[in-house]
Amino acid sequence: MTVFHFFNCAILTFGPHAVYYSATPLSEYDTLGTSIKAAVVYLATALVKLICLATFLKVSESDSFDPYQEFLKALIGFIDVAGLYFALTQLTHRNISQNHKFQAVGLGWAFADSVLHRLAPLWVGARRLEFTWDYILQGLEANANLVLSISLAALGSLMWLRKNKPKTLIPIIYLSAMDVATRPSITSYLRRGMGWHFPKGVGFELFPPPGMGFISWQLFAGGQRPSGGESFLPND
């Protein structure tokens, strides 16, 4: 039963990444190399974030919400944005369209995040004798993070790879990107400052990502419409 529970949770956590890759044109255009490069960049970014957290944040003796500490965490969280910028603009990609590039980068980014933050707890905890919902919720959070990562990559593609963005979309793009980048700090505030736990805390993590994904898709589709000779930068 414990092994069955472990495999169920593992499939729920990592299966959607494989399904997304195989069910979309990403597999047809062989973008696996781009996803792997993005995953490596994520791991390097996570290492930089870990060093910054260890350097600038103090160990709290209580579980109370500290606004200054959370503000520093939010600033350090923007290292993810810098890493994503590097993955989208500086890495050498195959001759694929911008549409496929941001999806491949977001997919690799989300998969690396799931491996780094969820594989070890899943391996240790899901095989215990007693049943717990924690690892099922962890798998659902991984799915939400997949949507958020691809959404942030789509917004990054609009911000950094498009020469002339429609002026009406610019503030929405930047506000949406800021919302995605600061969401972990907002979640921490709701849990530790407002006392949100199950089901409110989990609901906040699971329900906004589909809406953010829809907004990102609409912005990306709107940004691709030709307007006054606007065009994407040439593919690498």
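The questions and answers below set computed values against the definitions behind them.

Q: How do you know what the values rest on?
A: This is a predicted model, in which local features need pLDDT of at least 70 and side-chain atom pairs count only at pLDDT 80 or more, while totals for chains, interfaces and linings use all residues. Residues are numbered from 1 along each chain as its sequence is written, and side-chain values use heavy atoms, with hydrogens and water left out.

Q: Why is the contact of K49 with D80 called a salt bridge?
A: A salt bridge requires a side-chain nitrogen of Lys or Arg within 4 Å of a carboxyl oxygen of Asp or Glu; the closest N and O atoms of K49 and D80 are 2.9 Å apart, so the pair qualifies. K49 lies in helix 2 (residues 32-56) and D80 in helix 4 (residues 79-89), so the contact ties together parts that are 31 residues apart in sequence; the helices are DSSP runs of H or I with at least four residues, numbered from the N terminus.

Q: How many salt bridges does this rule give?
A: The count comes to two, and R118 with D113 is one of them, at 2.9 Å from N to O.

Q: What makes R118 and D113 buried or exposed?
A: Buried means under 20% relative accessible area, exposed over 50% and partly exposed in between, with a 1.4 Å probe and protein chains only. R118 has 10% relative accessibility and therefore counts as buried, and D113, at 11%, counts as buried too.

Q: Why is the pair of F14 and F111 called edge-to-face?
A: Rings of Phe, Tyr and Trp (its six-membered ring) pair if their centres lie within 6.5 Å, and planes under 30 degrees apart count as stacked, over 60 as edge-to-face and the rest as tilted. The structure holds six aromatic pairs; in that of F14 and F111 the centres are 6.0 Å apart and the planes are at 65 degrees, so the pair is edge-to-face. It links F14 in helix 1 (residues 2-23) to F111 in helix 5 (residues 98-125), 97 residues apart. At 15% relative accessibility F14 counts as buried, whereas F111, at 37%, counts as partly exposed.

Methods. Helices (H or I, at least four residues) and strands (E, at least two) are DSSP runs, numbered from the N terminus.
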